[in-house]
Amino acid sequence: MKRSLIYRKKIIVFVMAVLIATAGFAQTAPGDEQEPWSLEACINYAKENNISIKRQRLNIDLAEKNLSESKYSFAPTLNASANSIINWGQTIDRYTNQFASTSVQSNDFSISTRLDLFNGFQKLNTLKQRQLQLRISRYNVDKMVDDVSLNITTYYLQVLFYRELVRTTQAQLQTTQLQVERTQKLVEAGTLAKGDLYNIQAQAAAEELNVVEAENNLQISMLTLAQLLDLNNEAYFEIDQPEVDIEAEVNATSATAVYDYAVKNRPEIKAAEAGVDEALVQMKIARGTYYPSLSLYGSWGTGYSGAAKEAINPQMKTMPIGFVQNTMDTVMGFTYDYDYETKSFGDQIKDNNNQTLGFYLSIPIFNGLQARTNVSRAKIQKADAELALEQTKNDLNKIIQQAEADAIAAYKKYYSAEKKVVASQESFNYAEQKLNVGMINTVEYTEMKKELTRAEAELLQAKYDFVFRTKILDFYMGIPLSLKEGN
């Protein structure tokens, strides 16, 4: 048993040495100074480096591109085209309007433009819709930042809780170890039975386990916090140890006042409200398909054909053209023979150019009830958006009311636990004195020690639970998350 106790002591010393070494390599973000991180530093680092937040910000970039696209949709379109074609066999050449039986190469060039003059205000309403979508994307990023910040605060306070629990359990273990040494001496002197030594050694072993469990939970909480920050070197991560004053954390603001503020300022509420507006605009877009559309269209085009020929090198020659009726003499006339070559590319481009200008009117008459279905679908989406807004407000109200109720309960529990710790400490001190003079045995002493341990753990739990609940209420009142005095 003695060897086992010495072995456990060595394990505890090794674990504590590792913790101290880890703390020695602590750093702050984003610099290289090896200092503990405050809660504000953790939150600020996560705002810039958390992957979930980064991904959410990409939606803002997409929404901005969509909005830019809608703005440019009001400008006329301008397109150019060119092609080169070779035909074989019998075909009608589009530029000479004659049959060509040999291979013919042709080229076409054109520029066209189109401007929508009226389309049921669909482009205007689409622009409004994408402006709302951009606002919603920004609100969603703010909501994501808030969610991550609350998660960071949760685990930050959890780390602080386990730190204090480690110190508490270590102090309890030291007290028990002193009692083990004293009991062992009394057993060796024959004053106490070995059973008393075994009992107190069992208590020491249990408290060693409590220390190890608290240290393990501390490391897990530190790891989780580092993962929330998306740190790659969490082994060198350490946080600050601020003083937490319970009285300074008491929030006199009622849940109703917190809700009245939050419902006007929270990003999730604003996003839901913008969602209702977006659904209304979507309904206007759907109704725009009932209206006719009018566009202005213009184009310029030209081309080249290998079948287009022109005469060159005229050569005059005589040829009979008839007879004199009385004398039957042959009447000679003059004509010209020509050589032919393909008309030049430049001349054809100039000669074949054509321009078009016109208006295009499209009147919807029947399209399979598509427009009516789109309007009905948009109405349903608007009703759903309104319900989503109402649900978001209800959820927010529930969170705030629950936080207030939990804060009140934790506050009461803290002061009850504080009284219990004081009473348990006095009882334990008295029991220790009685044990020293042999008035009680180690079993009774161990029970008093366990009761003190439970009371101290309950006090720490109530303390940090109360701090977290009050931070939630402050957060929804627009107060930044902080553990500094005065915040």
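**Group meeting: a walk through the model**

Let's start with two helices. Helix α2 (residues 39-49) packs against helix α3 (residues 51-72) at an angle of about 45 degrees, and their axes are 6 Å apart. The axes are lines fitted to C-alpha atoms, for helices over the stretch in contact, with angles from 0 to 180 degrees between N-to-C directions. That makes α2 and α3 oblique to each other. Under 35 degrees would be roughly parallel, over 145 roughly antiparallel, 65 to 115 roughly perpendicular, and the rest is oblique. On the α2 side, the contact uses A46, K47, E48 and N49; on the α3 side, I51, I53, K54 and R57. Contact means heavy atoms within 4.5 Å.

A word on the source. This is a predicted model, where local features need pLDDT of at least 70 and side-chain atom pairs need 80 or more, while totals for chains, interfaces and linings use all residues. Numbering runs from 1 along each chain as its sequence is written, and side-chain values use heavy atoms, without hydrogens or water.

Helices and strands here are DSSP runs, numbered from the N terminus: H or I of at least four residues for helices, E of at least two for strands.

Next, V141, in helix α4 (residues 122-188). Buried or exposed? V141 is buried, at 6% relative accessibility. The cut-offs are under 20% for buried, over 50% for exposed, and partly exposed in between, with a 1.4 Å probe and protein chains only. Beyond its neighbours within four places in sequence, V141 contacts Q56, R57 and I60. V141 and Q56 are 85 residues apart in sequence, yet 5.7 Å apart in space, C-alpha to C-alpha.

Now salt bridges: a side-chain nitrogen of Lys or Arg within 4 Å of a carboxyl oxygen of Asp or Glu. The count is 15. One of them pairs D351 with K343, closest N and O atoms 2.5 Å apart. D351 is partly exposed at 42%, and K343 is partly exposed at 22%.

Another joins E386 and K382, at 2.6 Å. Both sit in helix α10 (residues 370-436), four residues apart, so about one helical turn separates them.

Which parts of the chain does the K420 and E458 pair link? K420 and E458 meet at 3.3 Å, N to O. This pair links distant parts: K420 in helix α10 and E458 in helix α11 (residues 442-476), 38 residues apart. Shared partners join K420, E451, R454 and E458 into one salt-bridge network.

Last stop: L361, in strand β8 (residues 354-362). L361 is exposed, with a relative accessible area of 58%. Thank you.
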